[in-house]
Amino acid sequence: MAASGGISLDRLRADGQRFMEEISREHYLAASGLKETAELQPIYARYRHVMDAESLAMVLERFKGTKPDSADHRSARMLLEWQAEAQSARELAPLDEREIEWESSAMIALPDGSRLQFEEASIEIGNTHDRARRLAIEAARATLVEAELAPLKREHLQRERDITERLDLASDYNSGWELLSGVPLLQLRSQCEQFLKDTADMWRESYRDFVPRVLGISPDEATRADAIALLRGREFDAFFPGGEMEAQVHRQVREMGIDPTAHGRIRLDTGDRPGKRSRAFCAPVRVPEEVYLVLRPHGGQTDWNTLLHELGHALHFAYMRDDQPFESLWLGDNSVTESYAMLFDHLMQQRGWLTRYTELDDANATRFLRAAGFEELQFLRRYCAKLIYETHLYGGDVSWDSLPDLYVELLTSATSFKYSRADAFVDVDLRYYSARYLRAWQQQSLLAETLTERFNEDWWRNPRAGPWVVEQLFGEAQRELAHEIAERVSGKPLSFAPLVRKIESLLG
(Lines give C-alpha, C1' and ligand atoms only; values in the text may rest on other atoms or scores of the structure.)
Protein backbone atom coordinates (compact mmCIF):
# COMPACT_ATOMS: atom_id res chain seq x y z
CA MET A 1 0.00 0.00 0.00
CA ALA A 2 1.32 3.45 -0.85
CA ALA A 3 0.10 6.97 -1.32
CA SER A 4 -0.32 7.73 -5.01
CA GLY A 5 3.14 8.03 -6.59
CA GLY A 6 4.86 7.64 -3.21
CA ILE A 7 7.06 5.10 -1.48
CA SER A 8 5.69 1.60 -0.83
CA LEU A 9 5.36 0.13 2.64
CA ASP A 10 7.79 -2.68 1.79
CA ARG A 11 10.44 -0.23 0.62
CA LEU A 12 9.89 2.00 3.64
CA ARG A 13 10.51 -0.97 5.92
CA ALA A 14 13.59 -2.19 4.02
CA ASP A 15 15.25 1.20 3.65
CA GLY A 16 14.14 2.24 7.13
CA GLN A 17 15.98 -0.74 8.58
CA ARG A 18 19.15 0.11 6.67
CA PHE A 19 18.88 3.72 7.83
CA MET A 20 18.47 2.70 11.49
CA GLU A 21 21.43 0.35 11.25
CA GLU A 22 23.71 3.05 9.86
CA ILE A 23 22.57 5.66 12.39
CA SER A 24 22.96 3.21 15.27
CA ARG A 25 26.47 2.23 14.15
CA GLU A 26 27.51 5.88 13.85
CA HIS A 27 26.21 6.66 17.34
CA TYR A 28 27.97 3.58 18.71
CA LEU A 29 31.34 4.49 17.19
CA ALA A 30 31.21 8.09 18.43
CA ALA A 31 29.83 7.40 21.92
CA SER A 32 32.26 4.53 22.53
CA GLY A 33 35.25 6.73 21.70
CA LEU A 34 36.15 4.79 18.56
CA LYS A 35 35.44 7.87 16.47
CA GLU A 36 35.90 11.54 17.35
CA THR A 37 32.38 12.59 16.42
CA ALA A 38 29.26 11.26 14.74
CA GLU A 39 28.69 12.12 11.08
CA LEU A 40 24.91 11.94 10.95
CA GLN A 41 24.02 14.37 8.17
CA PRO A 42 25.40 12.25 5.30
CA ILE A 43 23.30 9.31 6.52
CA TYR A 44 20.16 11.44 6.65
CA ALA A 45 20.95 12.70 3.15
CA ARG A 46 21.27 9.16 1.74
CA TYR A 47 17.93 8.15 3.23
CA ARG A 48 16.00 11.38 2.80
CA HIS A 49 13.26 9.48 0.94
CA VAL A 50 12.59 7.39 4.06
CA MET A 51 11.45 10.41 6.05
CA ASP A 52 10.21 12.91 3.49
CA ALA A 53 6.72 14.32 3.13
CA GLU A 54 5.58 11.45 0.89
CA SER A 55 6.63 8.80 3.40
CA LEU A 56 4.91 10.66 6.22
CA ALA A 57 1.75 11.05 4.13
CA MET A 58 1.71 7.35 3.22
CA VAL A 59 2.05 6.24 6.85
CA LEU A 60 -0.50 8.79 8.06
CA GLU A 61 -2.98 7.59 5.42
CA ARG A 62 -2.44 4.00 6.57
CA PHE A 63 -2.88 4.99 10.22
CA LYS A 64 -6.18 6.73 9.51
CA GLY A 65 -7.39 3.95 7.23
CA THR A 66 -6.85 0.96 9.51
CA LYS A 67 -9.21 -0.34 12.15
CA PRO A 68 -8.31 0.67 15.71
CA ASP A 69 -6.93 -2.23 17.79
CA SER A 70 -6.01 -4.14 14.63
CA ALA A 71 -2.47 -5.38 13.90
CA ASP A 72 -2.29 -3.04 10.88
CA HIS A 73 -3.27 -0.06 13.01
CA ARG A 74 -0.65 -0.97 15.63
CA SER A 75 1.98 -1.21 12.90
CA ALA A 76 0.90 2.10 11.37
CA ARG A 77 1.02 3.86 14.74
CA MET A 78 4.58 2.65 15.37
CA LEU A 79 5.67 3.77 11.91
CA LEU A 80 3.92 7.11 12.29
CA GLU A 81 5.63 7.77 15.62
CA TRP A 82 8.97 6.97 13.97
CA GLN A 83 8.18 9.24 11.02
CA ALA A 84 7.25 12.11 13.32
CA GLU A 85 10.48 11.68 15.31
CA ALA A 86 12.46 11.35 12.08
CA GLN A 87 11.20 14.72 10.88
CA SER A 88 12.78 16.29 13.96
CA ALA A 89 15.90 14.12 13.90
CA ARG A 90 16.68 14.95 10.28
CA GLU A 91 16.34 18.69 10.80
CA LEU A 92 18.20 18.60 14.12
CA ALA A 93 21.07 16.36 12.97
CA PRO A 94 23.55 19.31 12.83
CA LEU A 95 22.70 20.15 16.45
CA ASP A 96 23.06 16.51 17.48
CA GLU A 97 26.52 16.39 15.91
CA ARG A 98 27.55 19.57 17.75
CA GLU A 99 26.27 18.18 21.07
CA ILE A 100 28.05 14.84 20.63
CA GLU A 101 31.30 16.58 19.67
CA TRP A 102 30.99 19.01 22.60
CA GLU A 103 30.34 16.27 25.16
CA SER A 104 33.27 14.17 23.96
CA SER A 105 35.80 17.03 23.91
CA ALA A 106 34.70 19.59 26.55
CA MET A 107 37.08 20.23 29.45
CA ILE A 108 36.18 21.59 32.88
CA ALA A 109 38.58 24.13 34.40
CA LEU A 110 38.88 23.64 38.18
CA PRO A 111 39.85 26.32 40.73
CA ASP A 112 43.21 24.63 41.45
CA GLY A 113 44.23 25.09 37.81
CA SER A 114 43.67 21.46 36.81
CA ARG A 115 41.36 20.37 34.02
CA LEU A 116 38.91 17.48 33.86
CA GLN A 117 37.19 15.96 30.87
CA PHE A 118 33.47 16.73 30.99
CA GLU A 119 32.53 13.06 30.58
CA GLU A 120 34.64 12.18 33.64
CA ALA A 121 33.00 14.74 35.96
CA SER A 122 30.23 12.50 37.30
CA ILE A 123 32.70 9.62 37.82
CA GLU A 124 35.07 11.88 39.78
CA ILE A 125 32.23 13.42 41.81
CA GLY A 126 30.98 9.96 42.76
CA ASN A 127 34.42 8.60 43.64
CA THR A 128 35.99 11.45 45.62
CA HIS A 129 35.85 11.41 49.43
CA ASP A 130 36.71 15.14 49.57
CA ARG A 131 33.44 17.10 49.67
CA ALA A 132 35.18 20.40 48.90
CA ARG A 133 36.58 18.90 45.70
CA ARG A 134 33.22 17.36 44.87
CA LEU A 135 31.46 20.72 45.17
CA ALA A 136 34.23 22.48 43.23
CA ILE A 137 33.88 20.04 40.33
CA GLU A 138 30.12 20.41 40.39
CA ALA A 139 30.28 24.22 40.44
CA ALA A 140 32.74 24.28 37.53
CA ARG A 141 30.65 21.72 35.63
CA ALA A 142 27.47 23.76 36.11
CA THR A 143 29.21 26.97 34.98
CA LEU A 144 30.45 25.29 31.81
CA VAL A 145 27.10 23.64 31.12
CA GLU A 146 25.15 26.86 31.57
CA ALA A 147 27.48 28.76 29.25
CA GLU A 148 27.93 26.20 26.45
CA LEU A 149 25.81 23.03 26.59
CA ALA A 150 22.51 24.39 27.96
CA PRO A 151 22.01 26.82 25.02
CA LEU A 152 22.47 23.92 22.56
CA LYS A 153 20.03 21.75 24.48
CA ARG A 154 17.48 24.53 24.82
CA GLU A 155 17.59 25.21 21.09
CA HIS A 156 17.18 21.48 20.44
CA LEU A 157 14.11 21.26 22.69
CA GLN A 158 12.51 24.41 21.29
CA ARG A 159 12.96 23.34 17.70
CA GLU A 160 11.89 19.77 18.34
CA ARG A 161 8.62 20.94 19.91
CA ASP A 162 7.99 23.36 17.03
CA ILE A 163 8.79 20.79 14.33
CA THR A 164 6.50 18.19 15.86
CA GLU A 165 3.63 20.60 16.35
CA ARG A 166 3.96 21.73 12.71
CA LEU A 167 3.04 18.20 11.64
CA ASP A 168 -0.46 19.03 12.94
CA LEU A 169 -1.15 15.50 14.19
CA ALA A 170 -2.90 16.81 17.30
CA SER A 171 -3.75 20.07 19.04
CA ASP A 172 -0.39 20.27 20.87
CA TYR A 173 2.84 18.36 21.49
CA ASN A 174 1.58 16.43 24.53
CA SER A 175 -1.61 15.26 22.82
CA GLY A 176 0.39 14.29 19.76
CA TRP A 177 2.83 12.28 21.85
CA GLU A 178 -0.04 10.38 23.49
CA LEU A 179 -1.55 9.64 20.07
CA LEU A 180 1.70 8.39 18.57
CA SER A 181 3.10 6.50 21.56
CA GLY A 182 -0.08 4.86 22.79
CA VAL A 183 0.98 5.88 26.32
CA PRO A 184 -1.57 7.70 28.52
CA LEU A 185 0.68 10.60 29.51
CA LEU A 186 -1.73 12.49 31.76
CA GLN A 187 -2.69 9.31 33.59
CA LEU A 188 0.98 8.58 34.23
CA ARG A 189 1.56 12.13 35.43
CA SER A 190 -1.34 11.71 37.87
CA GLN A 191 0.20 8.46 39.14
CA CYS A 192 3.51 10.28 39.64
CA GLU A 193 1.88 13.06 41.63
CA GLN A 194 0.18 10.49 43.85
CA PHE A 195 3.40 8.51 44.28
CA LEU A 196 5.21 11.63 45.48
CA LYS A 197 2.47 12.21 48.05
CA ASP A 198 2.28 8.57 49.16
CA THR A 199 6.04 8.23 49.71
CA ALA A 200 6.75 11.69 51.17
CA ASP A 201 7.00 10.54 54.80
CA MET A 202 9.02 7.44 53.92
CA TRP A 203 11.44 9.57 51.88
CA ARG A 204 11.81 12.25 54.55
CA GLU A 205 12.67 9.66 57.20
CA SER A 206 15.12 7.77 54.96
CA TYR A 207 16.79 10.93 53.69
CA ARG A 208 17.41 12.29 57.17
CA ASP A 209 18.95 8.97 58.15
CA PHE A 210 21.19 8.27 55.14
CA VAL A 211 22.65 11.72 54.39
CA PRO A 212 24.30 12.45 57.77
CA ARG A 213 25.25 8.81 58.39
CA VAL A 214 26.89 8.16 55.01
CA LEU A 215 28.12 11.63 54.03
CA GLY A 216 28.56 13.22 57.46
CA ILE A 217 26.76 16.43 56.48
CA SER A 218 23.50 18.10 57.44
CA PRO A 219 20.50 16.92 55.37
CA ASP A 220 19.63 20.57 54.73
CA GLU A 221 22.87 21.31 52.82
CA ALA A 222 23.05 18.28 50.49
CA THR A 223 23.30 19.01 46.75
CA ARG A 224 23.01 17.10 43.49
CA ALA A 225 26.75 16.38 43.71
CA ASP A 226 26.29 14.91 47.19
CA ALA A 227 23.52 12.72 45.80
CA ILE A 228 25.91 11.32 43.17
CA ALA A 229 28.47 10.52 45.88
CA LEU A 230 25.86 9.04 48.21
CA LEU A 231 24.27 6.82 45.58
CA ARG A 232 27.68 5.68 44.35
CA GLY A 233 27.73 3.35 47.40
CA ARG A 234 31.52 3.26 47.79
CA GLU A 235 31.24 1.53 51.19
CA PHE A 236 30.22 -1.66 49.37
CA ASP A 237 32.86 -1.61 46.62
CA ALA A 238 34.99 -4.32 48.18
CA PHE A 239 32.11 -6.77 47.83
CA PHE A 240 31.83 -6.12 44.07
CA PRO A 241 35.30 -6.73 42.58
CA GLY A 242 35.65 -5.53 39.02
CA GLY A 243 37.67 -8.55 37.99
CA GLU A 244 34.83 -10.90 38.87
CA MET A 245 31.95 -8.86 37.46
CA GLU A 246 31.57 -10.21 33.93
CA ALA A 247 32.25 -13.81 34.93
CA GLN A 248 29.69 -13.82 37.74
CA VAL A 249 26.99 -12.05 35.75
CA HIS A 250 27.50 -14.44 32.84
CA ARG A 251 27.41 -17.38 35.27
CA GLN A 252 24.03 -16.28 36.59
CA VAL A 253 22.54 -15.78 33.13
CA ARG A 254 23.73 -19.24 32.08
CA GLU A 255 22.21 -20.74 35.24
CA MET A 256 18.80 -19.40 34.25
CA GLY A 257 19.12 -21.09 30.88
CA ILE A 258 20.22 -18.21 28.61
CA ASP A 259 23.49 -17.84 26.70
CA PRO A 260 24.80 -14.44 27.96
CA THR A 261 26.38 -13.64 24.58
CA ALA A 262 23.34 -14.86 22.60
CA HIS A 263 25.66 -17.22 20.72
CA GLY A 264 28.09 -14.43 19.84
CA ARG A 265 25.57 -11.82 18.79
CA ILE A 266 26.34 -9.64 21.85
CA ARG A 267 29.79 -7.99 21.92
CA LEU A 268 30.98 -6.40 25.19
CA ASP A 269 33.03 -3.19 25.26
CA THR A 270 33.76 -2.67 28.97
CA GLY A 271 37.25 -1.13 29.00
CA ASP A 272 38.24 2.50 29.52
CA ARG A 273 39.02 4.69 26.52
CA PRO A 274 39.46 8.46 25.96
CA GLY A 275 36.30 9.96 24.49
CA LYS A 276 34.12 7.10 25.72
CA ARG A 277 30.91 8.36 27.29
CA SER A 278 30.61 7.96 31.05
CA ARG A 279 27.02 6.77 30.64
CA ALA A 280 26.81 3.13 29.57
CA PHE A 281 24.61 2.14 26.65
CA CYS A 282 23.50 -0.72 24.44
CA ALA A 283 23.80 -0.26 20.69
CA PRO A 284 21.71 -2.61 18.56
CA VAL A 285 23.53 -2.11 15.27
CA ARG A 286 21.86 -5.01 13.44
CA VAL A 287 18.88 -6.62 15.16
CA PRO A 288 19.25 -9.34 16.27
CA GLU A 289 22.66 -10.22 14.76
CA GLU A 290 24.99 -7.48 16.07
CA VAL A 291 24.49 -5.85 19.46
CA TYR A 292 27.11 -3.89 21.44
CA LEU A 293 27.16 -3.39 25.20
CA VAL A 294 29.32 -0.38 26.08
CA LEU A 295 30.37 0.48 29.64
CA ARG A 296 33.01 2.87 30.95
CA PRO A 297 34.03 1.59 34.41
CA HIS A 298 33.18 3.72 37.44
CA GLY A 299 34.11 1.07 40.01
CA GLY A 300 32.33 -1.12 42.53
CA GLN A 301 28.65 -1.96 42.71
CA THR A 302 27.75 0.80 40.23
CA ASP A 303 29.44 -1.13 37.42
CA TRP A 304 27.70 -4.37 38.37
CA ASN A 305 24.32 -2.66 38.33
CA THR A 306 25.07 -0.99 35.02
CA LEU A 307 26.33 -4.19 33.38
CA LEU A 308 23.17 -6.03 34.42
CA HIS A 309 20.98 -3.22 33.08
CA GLU A 310 22.68 -3.01 29.70
CA LEU A 311 22.84 -6.80 29.44
CA GLY A 312 19.06 -6.88 29.85
CA HIS A 313 18.79 -4.57 26.83
CA ALA A 314 21.35 -6.58 24.85
CA LEU A 315 19.65 -9.91 25.53
CA HIS A 316 16.32 -8.44 24.47
CA PHE A 317 17.66 -7.20 21.14
CA ALA A 318 19.75 -10.30 20.46
CA TYR A 319 16.91 -12.74 21.17
CA MET A 320 14.20 -10.96 19.17
CA ARG A 321 12.62 -13.26 16.58
CA ASP A 322 13.84 -12.05 13.21
CA ASP A 323 10.63 -13.01 11.40
CA GLN A 324 8.96 -9.84 12.65
CA PRO A 325 8.59 -6.61 10.68
CA PHE A 326 11.00 -3.69 10.90
CA GLU A 327 8.76 -1.70 13.22
CA SER A 328 8.56 -4.47 15.85
CA LEU A 329 12.32 -4.97 15.85
CA TRP A 330 13.43 -1.33 15.80
CA LEU A 331 10.54 0.85 16.94
CA GLY A 332 7.68 0.59 19.44
CA ASP A 333 7.36 1.31 23.13
CA ASN A 334 10.85 1.56 24.65
CA SER A 335 9.28 1.04 28.07
CA VAL A 336 9.45 -2.62 27.06
CA THR A 337 13.21 -2.91 26.56
CA GLU A 338 13.81 -0.67 29.59
CA SER A 339 11.68 -3.01 31.71
CA TYR A 340 13.84 -5.98 30.69
CA ALA A 341 16.99 -4.00 31.52
CA MET A 342 15.52 -3.18 34.93
CA LEU A 343 14.45 -6.79 35.46
CA PHE A 344 18.15 -7.68 35.39
CA ASP A 345 19.56 -4.73 37.31
CA HIS A 346 16.95 -5.26 40.03
CA LEU A 347 18.48 -8.66 40.71
CA MET A 348 20.78 -6.65 42.98
CA GLN A 349 17.76 -6.21 45.25
CA GLN A 350 17.57 -9.99 45.77
CA ARG A 351 19.35 -11.27 48.88
CA GLY A 352 19.91 -14.74 47.42
CA TRP A 353 21.40 -13.29 44.23
CA LEU A 354 23.78 -11.06 46.18
CA THR A 355 25.08 -13.79 48.46
CA ARG A 356 25.49 -16.24 45.56
CA TYR A 357 27.25 -14.07 42.97
CA THR A 358 28.96 -11.28 44.94
CA GLU A 359 31.17 -11.28 48.05
CA LEU A 360 28.43 -9.95 50.34
CA ASP A 361 27.64 -12.10 53.35
CA ASP A 362 24.17 -12.12 54.87
CA ALA A 363 24.86 -9.32 57.37
CA ASN A 364 26.38 -6.99 54.80
CA ALA A 365 23.64 -7.91 52.32
CA THR A 366 21.12 -6.53 54.84
CA ARG A 367 22.97 -3.20 54.89
CA PHE A 368 23.31 -3.17 51.11
CA LEU A 369 19.61 -3.91 50.54
CA ARG A 370 18.58 -1.05 52.81
CA ALA A 371 20.80 1.29 50.79
CA ALA A 372 19.28 -0.13 47.60
CA GLY A 373 15.81 0.72 48.90
CA PHE A 374 16.90 4.30 49.56
CA GLU A 375 18.43 4.55 46.07
CA GLU A 376 15.31 3.11 44.43
CA LEU A 377 13.04 5.56 46.23
CA GLN A 378 15.27 8.50 45.30
CA PHE A 379 15.37 7.57 41.62
CA LEU A 380 11.63 7.01 41.42
CA ARG A 381 10.85 10.32 43.12
CA ARG A 382 13.38 12.09 40.90
CA TYR A 383 11.87 10.64 37.72
CA CYS A 384 8.32 11.42 38.81
CA ALA A 385 9.38 15.05 39.28
CA LYS A 386 11.20 15.01 35.92
CA LEU A 387 8.09 13.80 34.12
CA ILE A 388 5.94 16.49 35.75
CA TYR A 389 8.54 19.11 34.77
CA GLU A 390 8.73 17.83 31.20
CA THR A 391 4.95 18.03 30.77
CA HIS A 392 5.34 21.77 31.40
CA LEU A 393 8.39 22.05 29.14
CA TYR A 394 6.72 20.29 26.21
CA GLY A 395 3.25 21.56 27.10
CA GLY A 396 4.22 25.18 26.61
CA ASP A 397 2.28 26.53 29.61
CA VAL A 398 5.51 27.85 31.20
CA SER A 399 7.84 30.25 29.36
CA TRP A 400 11.28 29.00 28.37
CA ASP A 401 12.93 31.59 30.63
CA SER A 402 10.88 30.44 33.64
CA LEU A 403 11.56 26.73 33.20
CA PRO A 404 14.91 26.69 35.09
CA ASP A 405 13.25 27.95 38.27
CA LEU A 406 10.47 25.38 37.91
CA TYR A 407 13.04 22.64 37.35
CA VAL A 408 14.91 23.53 40.55
CA GLU A 409 11.66 23.75 42.53
CA LEU A 410 10.27 20.39 41.39
CA LEU A 411 13.49 18.34 41.52
CA THR A 412 14.65 19.78 44.84
CA SER A 413 11.24 19.29 46.41
CA ALA A 414 11.00 15.67 45.28
CA THR A 415 14.54 14.58 46.23
CA SER A 416 15.56 17.07 48.95
CA PHE A 417 18.93 17.48 47.14
CA LYS A 418 19.59 21.01 45.85
CA TYR A 419 19.51 21.17 42.03
CA SER A 420 21.01 23.80 39.72
CA ARG A 421 19.26 25.96 37.13
CA ALA A 422 22.09 25.09 34.73
CA ASP A 423 20.64 21.60 34.18
CA ALA A 424 17.07 22.62 33.33
CA PHE A 425 17.52 21.90 29.59
CA VAL A 426 20.26 19.28 29.99
CA ASP A 427 18.52 16.96 32.45
CA VAL A 428 15.65 16.26 30.06
CA ASP A 429 14.79 12.92 28.47
CA LEU A 430 13.90 13.76 24.88
CA ARG A 431 10.41 12.85 23.68
CA TYR A 432 9.33 11.75 27.13
CA TYR A 433 11.82 8.96 27.62
CA SER A 434 11.23 9.63 31.32
CA ALA A 435 7.75 8.18 30.79
CA ARG A 436 9.33 5.06 29.27
CA TYR A 437 11.54 4.67 32.34
CA LEU A 438 8.66 5.08 34.77
CA ARG A 439 6.49 2.53 32.97
CA ALA A 440 9.49 0.21 32.80
CA TRP A 441 9.84 0.42 36.59
CA GLN A 442 6.20 -0.49 36.92
CA GLN A 443 6.42 -3.37 34.45
CA GLN A 444 9.60 -4.93 35.84
CA SER A 445 8.00 -5.16 39.28
CA LEU A 446 5.06 -7.09 37.81
CA LEU A 447 7.39 -9.30 35.75
CA ALA A 448 9.48 -10.12 38.84
CA GLU A 449 6.34 -11.10 40.74
CA THR A 450 5.19 -13.26 37.82
CA LEU A 451 8.57 -15.01 37.54
CA THR A 452 8.57 -15.63 41.30
CA GLU A 453 5.09 -17.18 41.09
CA ARG A 454 6.10 -19.40 38.15
CA PHE A 455 9.67 -20.35 39.04
CA ASN A 456 10.05 -19.57 42.78
CA GLU A 457 11.93 -16.73 44.46
CA ASP A 458 15.26 -17.80 42.96
CA TRP A 459 13.91 -17.74 39.41
CA TRP A 460 17.12 -16.05 38.32
CA ARG A 461 18.94 -19.41 38.59
CA ASN A 462 16.11 -21.67 37.48
CA PRO A 463 17.03 -23.16 34.08
CA ARG A 464 13.35 -23.18 33.11
CA ALA A 465 12.96 -19.44 33.65
CA GLY A 466 15.34 -18.29 30.92
CA PRO A 467 13.64 -20.09 28.02
CA TRP A 468 10.26 -18.70 29.18
CA VAL A 469 11.71 -15.16 29.28
CA VAL A 470 13.19 -15.58 25.79
CA GLU A 471 9.97 -16.98 24.31
CA GLN A 472 7.34 -14.89 26.08
CA LEU A 473 9.22 -11.61 26.41
CA PHE A 474 12.43 -11.12 24.41
CA GLY A 475 11.23 -12.97 21.31
CA GLU A 476 8.20 -10.72 20.96
CA ALA A 477 10.50 -7.74 20.33
CA GLN A 478 8.53 -4.49 20.89
CA ARG A 479 5.33 -5.51 19.15
CA GLU A 480 3.26 -4.74 22.26
CA LEU A 481 2.95 -1.75 24.56
CA ALA A 482 4.21 -2.17 28.11
CA HIS A 483 0.76 -2.24 29.67
CA GLU A 484 -0.34 -4.88 27.17
CA ILE A 485 2.56 -7.16 28.15
CA ALA A 486 1.77 -6.60 31.83
CA GLU A 487 -1.83 -7.69 31.27
CA ARG A 488 -0.78 -10.68 29.13
CA VAL A 489 1.77 -12.18 31.51
CA SER A 490 0.47 -11.05 34.92
CA GLY A 491 -3.19 -10.14 34.41
CA LYS A 492 -2.59 -6.86 36.26
CA PRO A 493 -2.35 -3.18 35.23
CA LEU A 494 0.76 -1.06 35.53
CA SER A 495 0.99 0.87 38.80
CA PHE A 496 3.47 2.00 41.45
CA ALA A 497 1.90 -0.21 44.15
CA PRO A 498 4.29 -3.18 43.77
CA LEU A 499 7.25 -0.80 43.83
CA VAL A 500 6.09 0.83 47.05
CA ARG A 501 5.72 -2.59 48.67
CA LYS A 502 9.20 -3.61 47.53
CA ILE A 503 10.83 -0.40 48.77
CA GLU A 504 9.12 -0.74 52.14
CA SER A 505 10.51 -4.27 52.46
CA LEU A 506 14.03 -3.13 51.53
CA LEU A 507 14.04 -0.22 53.95
CA GLY A 508 12.72 -2.49 56.69
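What follows looks at one helix and then at some aromatic rings. Keep in mind that this is a predicted model.

**Helix H17**

- Helix H17 takes in residues 403–415, and at 1.5 Å a residue its 13 residues should span 18 Å; the end C-alpha atoms are 18 Å apart, so that agrees.
- Tucked away as buried residues of H17 are Leu403, Pro404, Leu406, Tyr407, Leu411, Ala414 and Thr415.
- Looking down the axis of H17, you'd find those buried residues within an arc of 160°, so they line one face of the helix.
- Glu409 and Ser413 sit on the other side of H17 and are exposed.
- The cover over the buried residues of H17 includes helices H8 (185–198), H9 (200–215) and H16 (362–395).

**Aromatic pairs**

- There are 27 aromatic pairs in the count.
- Take Trp102 and Phe118: their ring centres are 4.8 Å apart and their planes are at 65°, so this pair is edge-to-face.
- Trp102 belongs to helix H4 (residues 71–105) and Phe118 to the loop between strand E2 (115–117) and helix H5 (121–127), so the pair ties together parts 16 residues apart in sequence.
- Trp102 counts as buried at 12% relative accessibility, and Phe118 does at 14%.
- Tyr173 and Tyr432 make a tilted pair, 6.4 Å centre to centre with 50° between the planes.
- That pair links distant parts of the chain, 259 residues apart: Tyr173 is in helix H7 (residues 173–181) and Tyr432 in the loop between H17 and helix H18 (433–455).

**Charges over rings**

- Arg265 lies over the face of Tyr319, 5.3 Å from the ring centre.

Definitions and conventions:
Residues are numbered from 1 along each chain as its sequence is written. This is a predicted model: local features need pLDDT of at least 70, side-chain atom pairs count only at pLDDT 80 or more; totals for chains, interfaces and linings use all residues. Side-chain values use heavy atoms; hydrogens and water are left out. Helices (H or I, at least four residues) and strands (E, at least two) are DSSP runs, numbered from the N terminus. The expected span of a helix is 1.5 Å times one less than its number of residues. Buried means under 20% relative accessible area, exposed over 50%, partly exposed in between (1.4 Å probe, protein chains only). The arc is that of the directions from the helix axis to the C-beta atoms. Contact means heavy atoms within 4.5 Å. Rings of Phe, Tyr and Trp (its six-membered ring) pair if their centres lie within 6.5 Å; planes under 30 degrees apart count as stacked, over 60 as edge-to-face and the rest as tilted. A charge sits over a ring if NZ of Lys or CZ of Arg is within 6 Å of the ring centre and within 35 degrees of the ring normal.
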